[in-house]
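Trainee: I would like to learn how to read a helix and a salt bridge in a model. Please show me the structure.

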Amino acid sequence: MSSVEQVRRLIEHRGGHRVVSVYLDLDPERFATPPARASQVRSLLDQGAREVERLDGLPHEDKVGLRADLKRLESFLSSPEAPFKGARSLALFCSTQDGLFEVIQLTRVVPARIAIESSPYVEPMMTAVERRRWLVVLVNRRSAWLLSGYPEQLRESERREDDVPGQHDQGGWSQARYERSIEKDVTDHLRSVADTVNRRWREERFDRVTVGGPHEVVARFEEMLADDVRSRLAPGRLEVDLTSATEAQVRSEVEQLVLEDERREESELLDRLQNALGAGNGAAAGVADTLDALNERRVATLLLSPGFDREAWRCAGCGLLTIQDDSRCPADGTELQRVDHLREAVVESAVFQDADVFVIRHYPEREPREGIGALLRF
C-alpha cells in the first residue's frame, strides 16, 4: 500500500471515538540513542495525559479509553517491536475503542507532536510522504551497481560484473578485430544493464532515475533506456567512481541531486502558479479562493506554506469548508462545525480528490497569498 493510500485510509476512519496521533522525530543527529528517544516519548505522552484531563464534556468511558491508548503507545514504544530502524520519523495512530492501531515509518523528519482529535491527524504524514523513490545506476564498461529506495535509505539491489576483456597493444588487423570484439562485449553489457533497469521500472515505477559513470559510457547507456525511464532521469550525473564508491558516498551524492531536484520542481510549480494567476485562470491563491476550488473538487495541486493554519468551519453533511462564521452551510443548510486547524482540513480535502499536496520549503519569498494556493484541473 502506498503512503498516499495509507493517508486516505486514515482520513476515512470514522469510528466515533477520539484518536491519539503521535509523531516521533527520529533525526539521527538528535534522537539516535534509546535514552534520547525515550525522553521524547515520555514528554509527548505526558502532554497527551494532560490534554485528556482537560477535555471537558467527554464521557467517562471515553477518557478511560484515551488513558488506555496512551498506556498502549507507551508499552509499544518501549518494546523491541517499535520500528525505529530505518525511519526518520514515526507516525502512530491509536483508538482502542475503535480497534485502530497503526504504525507508519516516514522517510522525512517531522516535528514531534501528539494530537487527540475526532479523527487521525495526518497532515504531518502527508507532507512527509512527498519524498520520491530513486533508482541509482552506476555503470562502467564491465561493471554495474544498482541501488534503490528513498535517498537517505538507499540500499544495494543488484551488482554485476560482466566478462568484458581488457585491451592489448598487439597491433595490426588482429588488434582491430580484438577491439571490435571488446566493443561488442561492452555494448552487450550495457544493453543487459539497461534491460534490467527497464524491467525494474515496469515493476516498481521509481519516481527518479540517476546514472553515474564515465561520460562516454553513460551517454551510450542512457540511449538504451526505454522512453519512460529516460523521462524520469534526474538532470545532472553522479560524480562517483564505481570501483571505489561506498553506499554512504552514493547517498551523499544523491541527496545533493535530490535537493536540486526539489528546488527545481518547487520553482516550476511556483512559476506555473504565478503565470496562471496572471492569466486569470487555472489557479487560485488565498484562503477564500482556494477553499472554493477545493469545495468544487477542481484542485490538481495544493500548495501550502510551512506555517499556514487558521480556524474555519466545515459542513457536517457535505464537507464544504468555509471561513465565513455562519451557523448553516450555504449549500445544504446543515449546521457548520468549527475546525481548529484548517491546514489539516485542506490536506484531507485535497487527498480525497486525488490532488497532490506540496509544501513550499525553498522559496518562502514566493509563497502564494495568505500561505495557500492551488493549480486547478479546470
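Trainee: Which residues of α2 are buried?

Mentor: Buried means under 20% relative accessible area, exposed over 50%, and partly exposed in between, with a 1.4 Å probe and protein chains only. In α2 the buried residues are Ala36, Arg37, Gln40, Val41, Leu44, Leu45, Gly48, Glu51 and Val52. Seen down the axis of α2, they fall within an arc of 160 degrees, so they line one face of the helix. The arc is taken from the directions from the helix axis to the C-beta atoms. On the other side of α2, Pro35 and Arg54 are exposed.

Trainee: What kind of model is this, and how are its residues numbered?

Mentor: It is a predicted model, in which local features need pLDDT of at least 70 and side-chain atom pairs count only at pLDDT 80 or more, while totals for chains, interfaces and linings use all residues. Residues are numbered from 1 along each chain as its sequence is written, and side-chain values use heavy atoms, leaving out hydrogens and water.

Trainee: What do the buried residues of α2 pack against?

Mentor: They pack against β1 (19-25), α3 (60-77) and β4 (113-117). Contact means heavy atoms within 4.5 Å. Helices (H or I, at least four residues) and strands (E, at least two) are DSSP runs, numbered from the N terminus.

Trainee: What span should helix α2 have?

Mentor: The expected span is 1.5 Å times one less than the number of residues. For the 21 residues of α2 (residues 34-54) this gives 30 Å, and the end C-alpha atoms are 30 Å apart, which agrees.

Trainee: How many salt bridges does a search of the whole structure find?

Mentor: Side chains of opposite charge can pair when their charged atoms come close. A salt bridge is a side-chain nitrogen of Lys or Arg within 4 Å of a carboxyl oxygen of Asp or Glu. The search finds 30. In one of them, the side chains of arginine 220 and glutamate 183 meet at 3.1 Å, N to O. This pair links distant parts of the chain, 37 residues apart: arginine 220 is in helix α6 (residues 215-223) and glutamate 183 in helix α5 (residues 172-204). Glutamate 183 is partly exposed, at 30% relative accessible area.

Trainee: Where do aspartate 227 and arginine 230 lie?

Mentor: Both lie in helix α7 (residues 227-230), 3 residues apart, about one turn of the helix. Aspartate 227 is exposed at 57%, whereas arginine 230 is partly exposed at 34%.
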